[in-house]
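Hello! Here is the structure I promised to pass on to you. Have a look at it first, and then read my notes below.

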Amino acid sequence: MSATAVVGLQWGDEAKGKIVDLLTSEHDIVVRYQGGNNAGHTVKFDGETYKLSLMPAGILRDHIVSVVATGVVINPKAFLTELDGIVTRRGPVSPERLRISDRAHVIFPYHLAEEAVLENSRKTEAIGTTMRGIGTCYREKAGRAHAIRVGDLLYPDLLKRRLDEIVAYKNQMLAALDPNFQPFNADAIFAEYSAYTERLKPYICDTTALLHHAIAAKKRLLFEGAQGSLLDLDHGTFPYVTSSSSSGCGIHSGSGVPERTISRMIGIVKAYTTRVGGGPFPTELTCEIGQHIRDVGHEYGTVTGRPRRCGWFDAVVAGYGARISGVDCLSVMLLDVLSGLDELKICEAYELDGERTTDFPSHVEKLAQVKPIFRTLPGWKTDITKVRKLADLPPNARRYVDTIAELLQTRVEIVSVGPDREQTILS
Ligand code: IMP
């Protein structure tokens, strides 16, 4: 059994897409197992930039079967728009190359409306969601009564009945919460989604069975995590998290493939830290260095365009992410962004209640109280974007990477020094 998984160890946007893309040549199937069109992957391929959201990064490769598995939430309109964009640029995608789970859940317009009401009504800090109806769709999944799965789209009578009931309920609820609310029309939604279904139908299947057959046939699977371990619903910085299992923990539940199938779990970290949305961020840099990193690293959301909050590398955050996901090795991304800074800091521990700790606090109130304990390292001034061997990195850059490995007690296998495939150091 040999499957690989790529998971983010911070708060998402660790440039996982590049690594997934690099690994596709060694794999047959790429599996997205959680999240939805809140995710954003930028992949450079054939000299062109692709911004992927719901599609697994394997979609750009003709030999890969891309699987959107059970744990994903699907907005059909966003899915088809993204697919159309890929078809326009790269030619047709046959249904054999793109499979969508009939167990995945479907996002409807009322999920977006409900999320807007929820986010805007919060008296405490907003979660800062992507407003794509992700959380409200997952809530429906957990609540079951108002959930609709991809497989339900294939039964028009059932879908019609379900929508009549759900839309009536949502209209009542949203009208009570928002005086400006314009009611949804169940018939219009049914007609819209029936049209989507016609186009989606050829891609829909039981992806769990497909993956089990693939494992039996010794196909090589690559699991592509979206977001990052600190945004995991259970293990992340709740409530400032996404609503799926975005650490390695989600692979099993989101795909139906047992975790022991995975022989290589690659943890992806940025050479610094970013996060979007609300919540405490101990190593955040609100000074000009933070702005410098944002500018050089193009740290603006792929999906929402929001500026990302930037800060020093936090080994407590990434170490916790690595332990949750059980990583075998690390890939350090965007190291080139730090070139030119006089000195760099890495948070190696927190001071909390007068004690030093490398345990990650389970409550955000505690996280807001921690004082990062930094190790200061000398910077490097030379351009590293053309370096292809670890030995050719400037000594201070090498020391920086080694410090990350030491603090996370995990081997660094890949260092990325630019967005292109070639700008990669494999050790
Ligand atoms: P949601 O996933 O839209 O519910 O947003 C919940 C939190 O997760 C917010 O802080 C978002 O900014 C964050 N988030 C969701 N998707 C991503 C992502 O792909 N990268 C980074 N942050 C994300």
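In which hand does α5 cross α6, left-handed or right-handed? α5 passes α6 in a right-handed crossing (right-handed if the near helix is turned clockwise from the far one by less than a right angle, left-handed if anticlockwise).

Before the rest, some ground rules. This is a predicted model, where local features need pLDDT of at least 70 and side-chain atom pairs count only at pLDDT 80 or more, while totals for chains, interfaces and linings use all residues. Residues are numbered from 1 along each chain as its sequence is written, and side-chain values use heavy atoms, without hydrogens and water.

Back to the two helices (DSSP runs of H or I, at least four residues, numbered from the N terminus; strands are runs of E, at least two). The axes of α5 (residues 156-177) and α6 (residues 186-200) come within 9 Å and cross at roughly 145° (lines fitted to C-alpha atoms over the stretch in contact, with angles from 0 to 180 degrees between N-to-C directions). On the α5 side, P156, L159, K160, L163, D164 and V167 are in contact with A186, D187, I189 and F190 of α6 (heavy atoms within 4.5 Å). These contact residues divide into seven nonpolar, no polar and three charged (Ala, Val, Leu, Ile, Met, Phe, Trp, Tyr, Cys and Pro are nonpolar; Asp, Glu, Lys and Arg charged; the others, Gly among them, polar).

Now the ligand. A polar side-chain atom of T130 lies 2.5 Å from a ligand oxygen atom, and one of Q227 is 3.2 Å from a ligand nitrogen atom (polar contacts here are pairs of N or O atoms within 3.5 Å). The shell around the ligand has six nonpolar, eight polar and two charged residues.

Finally, two backbone details to look for. F238 and P239 are joined by a cis peptide bond, with omega about 5°; P239 sits in the loop between β10 (221-224) and α8 (250-255). M131 is not a glycine, yet its phi is positive, about 60°.

Enjoy exploring!

Conventions: A polar contact is a pair of N or O atoms within 3.5 Å; within protein, one must be able to donate a hydrogen and the other to accept it, and residues adjacent in sequence count only if both atoms are side-chain atoms.
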